[in-house]
Amino acid sequence: MTLRRFLPALFISSAAVLSAQTMHPSGNMFRPLATPARLVSELSELTVVVCLAVFIVVGGLLTYAVIRFAHREGDNLSEPPQVYGSNQVEIAWTVIPILIVFVLSMSTARITAAVQNQKIPKDALYVTVIGHQWWWEFQYPDLKINTANELHIPVSTMAQPKLTSLTLKSADVSHGFWVPQLAGKTDVIPNRTNSMWMDPQETGTYLGNCSEYCGTQHAKMELRVIVDTPEEFQKWVKEQQAEAASTQPDANREAFLASPCIVCHTINGVTSMGTVGPDLTHLMSRQTLVAAEVPMTAASLRDWIKDPQHMKPGNKMPAVPLNDTQLDQIVSYLTSLR
Ligand SMILES: [Cu+2]
């Protein structure tokens with residue numbers, strides 16, 4: 001499609017700004033890789049082309065008139081002949097805009113319907129997404145998995161189509177779920193259940209972000225969608241379903257269990273009181289910490305636990321007073337949760 005080649009050139013500057021902002025894992029909305037994102041993208045291309053054509057015609061006529069009828073030396077300065085009313089012109093400038101609006105609204109309706117009325121096949125993967133200030137909870141009800149900030153889903157190919165159906169809920173205020181390469185934005189609203197779907201066509205890591213201002217740390221409410229091959233996905237599922245297996249001396253686990261951490265965090269098979277913060281059962285299987293561009297390492301984990309308000313000011317995890325030994329023990333224990 002020629003549009004495909006033409007538009008990237010047109011948007012090269014904005015795309016460059018966008019990808020510079022979102023850094024490595026791609027959040028480039030000009031490269032859609034799932035059906036809902038592709039449909040939305042095609043609609044925007046059509047809209048841009050139509051608007052561009054209107055702009056060129058109107059701007060061209062205006063420029064022509066300005067140059068052609070500019071005042072020149074020796075012009076007769078009396079008023080030119082005045083023309084009142086022209087049915088032809090009236091009809092033209094009424095009918096053409098109506099046609100344009102009609103084409104744009106019909107295409108929008110068609111694409112909205114195609115995205116919204118998609119039938120969810122029985123073998124789809126179901127995930128419940130819960131927006132929290134300021135992190136994402138992902139529950140896989142059929143697989144009994146609970147994780148945070150990184151959503152693993154299988155790739156959908158011609159040979160092995162696999163749709164992922166997302167149910168979106170909020171634990172507090174309104175958030176917005178947006179992974180530009182996979183689907184359009186969907187609001188995540190308290191006391192309301194929204195839904196969306198995606199069928200990613202290439203494996204990889206796709207960056208998303210909360211797209212509805214939700215408080216101080218809205219900007220650090222990122223998410224990653226990790227699109228796995230079916231085999232990788234099965235492997236991930238097996239690992240996530242396992243209870244936390246620790247190779248640590250018991251003292252480290254005891255330090256964790258004796259701390260207030262367990263009021264807010266669950267570790268499957270160890271402690272299950274806390275649901276305020278992310279499930280930590282397989283903490284180290286995540287690439288990033290606290291929904292931000294912070295790699296999950298022992299050092300970043302230590303910084304976070306020592307003073308959560310430094311890395312993400314205003315977030316809902318309080319600094320828990322711990323001495324260095326306790327801190328080291330808890331960090332060692334958490335880094336063993338793979
Ligand atoms: Cu949010």
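These legends walk through a few close-up views of a predicted model.

A word on the ground rules: residues are counted from 1 along each chain, following the sequence as written. Because this is a predicted model, local features need pLDDT of at least 70 and side-chain atom pairs count only at pLDDT 80 or more, while totals for chains, interfaces and linings use all residues.

**View 1**
Helices (H or I, at least four residues) and strands (E, at least two) are DSSP runs, numbered from the N terminus. Along the principal axes, the C-alpha trace spans about 100 × 45 × 35 Å. Buried residues make up 28% of the 338 residues. Here a residue is buried if 20 or more other C-beta atoms lie within 10 Å of its own, exposed if 12 or fewer, and partly exposed in between, with C-beta atoms placed from the backbone.

**View 1. An open sheet of five strands in the order 3-2-1-5-8.**
The pairing in this sheet is mixed; two strands pair if DSSP finds at least two bridges between them. Strand 3 (145-148) and strand 8 (194-198) stand at the edges with a single partner strand each, so one side of each is left without a neighbour in the sheet. On average, neighbouring strands are turned by 25 degrees against each other, direction ignored. Axes are lines fitted to C-alpha atoms, for helices over the stretch in contact, and angles run from 0 to 180 degrees between N-to-C directions. Look inside the sheet and you'll find strand 1 (residues 125-132) and strand 5 (residues 164-170) paired in the parallel sense over seven bridges. Valine 127 stands opposite leucine 166 in strand 5.

**View 2. A second open sheet of five strands, in the order 4-10-9-6-7.**
The pairing is mixed in this sheet too. Its edge strands are strand 4 (150-154) and strand 7 (186-188), each pairing on one side only. From one strand to the next, the twist averages 25 degrees. Helix 5 (residues 230-241) lies across strand 4 and strand 10 (222-228), running at about 130 degrees to strand 4.

**View 3. Strand 6 (residues 175-178) and its partners.**
Strand 6 and strand 7 run antiparallel, joined by three bridges. Glycine 176 stands opposite aspartate 187 in strand 7, and the bridge partner of phenylalanine 177 in that strand is threonine 186. Strand 6 also pairs with strand 9 (residues 204-210), in the antiparallel sense over two bridges. There, tryptophan 178 has asparagine 209 as its bridge partner. In a regular strand the side chains alternate between the two faces of the sheet. In strand 6, His175 and Phe177 point one way and Gly176 and Trp178 the other way, and all are buried.

**View 4. Glutamate 150, a residue of strand 4.**
Glutamate 150 has 19 C-beta neighbours inside 10 Å, so it counts as partly exposed. Leaving aside residues up to four places away in sequence, glutamate 150 touches Arg224, Ile226, Arg286 and Gln287. Touching means contact: two residues whose C-beta atoms, placed from the backbone, lie within 7 Å.

**View 5. Helix 8 (residues 298-306) crossing helix 10 (residues 324-335).**
The two axes come within 10 Å and cross at roughly 130 degrees. That makes helix 8 oblique to helix 10; angles under 35 degrees count as roughly parallel, over 145 as roughly antiparallel, 65 to 115 as roughly perpendicular and the rest as oblique. Ala298, Leu301, Arg302, Ile305 and Lys306 in helix 8 meet Leu327, Ile330, Val331, Leu334 and Thr335 in helix 10.

Most residues other than glycine have a negative phi, and most peptide bonds are trans. The peptide bond from glutamine 133 to tryptophan 134 is cis, with omega near 0 degrees. Tryptophan 134 sits in the loop between strand 1 and strand 2 (135-140). Valine 290, in the loop between strand 11 (288-289) and strand 12 (294-295), has a positive phi of about 45 degrees although it is not a glycine. Alanine 291, in the loop between strand 11 and strand 12, has a positive phi of about 55 degrees. Valine 290 is buried, with 25 other C-beta atoms within 10 Å, and alanine 291 is buried, with 25 other C-beta atoms within 10 Å.
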